[in-house]
Amino acid sequence: MLSRVADSIYWLNRYVERAENIARFIDVNLNLLLDSSLGEAQQWEPLVLTSGDLSLFRERYGEATAETVIQFFTFDSGYDNSILSCLRSARENARSVREIISSEMWERVNDFYLMVQEAARTQHPHQWFEFFNNVKLTSHLFAGVMDATMTHNEGWHFGQMGRLLERADKTARILDVKYFILLPSLRDVGSTLDELQWIALLKSASAYEMYRKVQHRISPSGVAQFLILEREFPRSIQFCLTRAEQSLHHITGTPLSTWRSPVERTLGRLRSDLDYLLIEDIIQLGLHEFLDKLQRQMNDVGNKTFETFFALQPVS
Amino acid sequence: MRFNQYDPGDFYDELFVEKGRPREAAIPLVDRVNSLPEGELEHRQKAAEVALFKMGVTFNVYSDGQGTERIMPFDLIPRIVSAQEWAVLEKGLKQRVQALNLFLQDIYNDRKIIKDKVIPWDLVESATGYLKPCEGLNPPGGVWCHITGTDLVRDKDGQWYVLEDNLRCPSGVSYVLENRRVMKTTFPQVFQTMEIQPVDDYAGRLLETLLNLAPPTLTDPTVVVLTPGIYNSAYFEHSFLAQQMGVELVEGRDLVVADGYLQMRTTKGLQRVDVIYRRIDDIFIDPTVFRSDSLLGIPGLMEVYRSGRVALANALGTGIADDKVIYSFVPEMIRYYLGEDPILQNVPTYLCWVEQQQQHILANLDKLVVKAANESGGYGMLVGPHATPEQRQEFAHRIQASPRNYIAQPTLCLSRVPTLIEGQFEGCHVDLRPYILYGKDIYVNPGGLTRVALRRGSLVVNSSQGGGTKDTWVLAH
């Protein structure tokens, strides 16, 4: 398979997943806002902070309010990671591999883009909940269509890797948002508000119901454990990395638990670390520190994927 | 919607001899359309447009900055070509393509035709399509132009003419294939009663033509389609042909010259490429030889090509024969190389470069069509009878400033086909572009792209200038 084609399918999926997760971020915050006594800035600024683009945001918008943050993350076509920009990029990538992917996939991503573009034109704040929900559903629809209509070949596995690595990264970030919101008010720990916040967090990862079935009680370490280490929940970091590794080995043909390329080694090592980690170890290290390191390692997997498969240079 | 009211008027109409009297070949279609309930034809027209959009048969529109795609306007009423007429066209096209290929091989090698004073060397050398780096090239089998899309037109008296040869990267064949697919679902009964020659095997024949270019020692040669990328207006077609042939669609950045071969970057390392169906213009293909600012091409490709380690279709340098001054010599080429009389006529062409002819042109600018020798797509053109005195004046200056770059032709009155416009049939002018493949032998796809000028009275059929397409039915008997 052409490197460029593999790269496009990988990013097509990453961008669709990224758009979905941005919708999740905002959704969880809109949910929290309804129950929270926190000031608006305290509520929204951590969201921008975890995106890593706070200075860019301040430059463009100044103060963090619901309106400015939603505008920034959703419809700002000058911001590369807004939902609109993600879908534009997803669509461009899909267009360049239209003869490789199924036409149903193309139609879905094209409609998805047009839907967001239309929302950007009209922008009704009272439709926000519905809009973010639509973004999530359409992303699921795309993933389902891809699963059901595209041959599960090398290209498909590149797509899976893109989606799963993106999802693992964003689940880490969603958890991190909570950490930032908690910081200014440690006194709230264990309070009703605290519990509501954790529930909102679980809901934003579609994890609330599944969590209840496993853990019953809402506790910070329980939630962290579920979103990081739960082997069977499809948005947990552990699940995503395990599946991404399987796809990677499908592509290379290298047996699992062995490696021939740097990306196999890096991802394999990261995944097996998580295999034997306890939530107590993570808490002891500090959740934020742990998530920060994890994100850096996952970035490294992304970079090595690029080097191994996409940025091929002839030996000169 | 009925044909009863349709009046072909004072034009050559492809479907009607005169009002109420269809040509014999068109009778089953006219009867069928006349038998449709009121509103049904418009309904089918809409359904066809939706089907084309869903199939993604689109071209790109750049103006709105959103990268939107539109379908090429498509009209349901086909052009019909009788079997007898097609037999002549087919034979004439084969003859012409063969002579043009002999010319290309000759002009870049021995130049016998120059030495024998059939064509002046000045005219060849001064053509922008003549590429010096191609001198001495010897493409496999001596074939330079593997895919040709010749533009034919029919004048008021029913006479066919060759308007242009299009030897570089002729586009549009995807519309031929997709329009046919739609038409078969729109008029299934008509297809059952009329024996219409199928066009569907084009992609298979194209692949065969391309495979034929690889050295016979290779058991499984790698063929690719080279596209400038998704922003090219014909990207759909590139992608479509790659898909239909089951080969990779590559961009310049996917390819690299390594170890003396052309290779593509794959997830499993570099992989050798043997044959390229290139849809990039010659001068963009290798920045080290042609335009150094080209980002679309592959540095070093020319050297690999020259050494015979990769084959290109079409060969580089074929544009010389697209020059409209050189075009005027094609009948001479046919006589010179084949010793035959041309079966298809050129449009009579006056060369501004010849002093007497220039005087004639300048004196008759209000009657003639003036064309730049190196432009295509309907650009750089003056349609004398429709132009303002200022426009004619401007062209007179241009002609005098660079006579080599202009030719003039009489204004032809292109034949017409009834076309559904705003709920009624109107006669619209058409041309015809059949596609010719030259592999082991020459094959003419029975049909071709009928382009139609949808603006009332317009003679310009190019899609960039408000043109649309129709299906072309070539009858088997």
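## Basis of the model

The structure is a predicted model, in which local features need pLDDT of at least 70 and side-chain atom pairs count only at pLDDT 80 or more, while totals for chains, interfaces and linings use all residues. Residues are numbered from 1 along each chain as its sequence is written, and chains are lettered from A and ligands numbered from 1 in the order in which they are written.

## Chain A

Chain A contains 15 helices and zero strands. Here helices (H or I, at least four residues) and strands (E, at least two) are DSSP runs, numbered from the N terminus. The radius of gyration of chain A, taken over C-alpha atoms, is 19 Å, close to the 20 Å that the globule rule (2.2 Å times the number of residues to the power 0.38) gives for 316 residues, so chain A is as compact as a globular protein of that length.

The C-alpha trace of chain A spans about 60 × 50 × 40 Å along its principal axes. Of its 316 residues, 47% count as buried. A residue is buried if 20 or more other C-beta atoms lie within 10 Å of its own, exposed if 12 or fewer, and partly exposed in between, with C-beta atoms placed from the backbone.

## The contact between the chains

Chain B gives 19 residues to the contact and chain A gives 14 residues. Two residues are in contact if their C-beta atoms, placed from the backbone, lie within 7 Å. On the side of chain B that touches chain A, α9 (235-245), β10 (248-250), β11 (255-258), β12 (261-266) and β13 (269-272) of chain B each supply at least two residues. The residues of that side divide into eight nonpolar (Ala, Val, Leu, Ile, Met, Phe, Trp, Tyr, Cys and Pro), six polar (the others, Gly among them) and five charged (Asp, Glu, Lys and Arg).

Some of these strands also pair with one another, and two strands pair if DSSP finds at least two bridges between them. β11(B) and β12(B) run antiparallel and are joined by four bridges, with V256(B) opposite Q263(B). They form a hairpin with two residues between them, and D259(B) in the turn has a positive phi of about 55°. β12(B) is likewise joined to β13(B) by four bridges in the antiparallel sense, and a hairpin connects these strands through two residues.

## Helix α8 of chain B

In helix α8 (residues 202-211) of chain B, the buried residues are Y202(B), L206(B), T209(B) and L210(B). They cover an arc of only 95° around the axis (the arc of the directions from the helix axis to the C-beta atoms), which puts them on the same side of α8(B). Among the elements that cover these buried residues are α6 (173-186), α9 and β23 (435-438) of chain B.

## Two open sheets of chain B

Four strands form an open antiparallel sheet in the order β17-β20-β18-β19 (chain B). Its edge strands, β17 (350-351) and β19 (381-383) of chain B, each pair on one side only. Helix α14 (residues 389-401) of chain B packs on this sheet, touching β18, β19 and β20 (406-410) of chain B, and its direction makes about 135° with that of β19(B). Such axes are lines fitted to C-alpha atoms, for helices over the stretch in contact, and angles run from 0 to 180 degrees between N-to-C directions.

A further open antiparallel sheet has three strands in the order β6-β23-β24 (chain B). β23(B) and β24(B) are joined by three bridges, and L437(B) has Y443(B) in β24(B) as its bridge partner.
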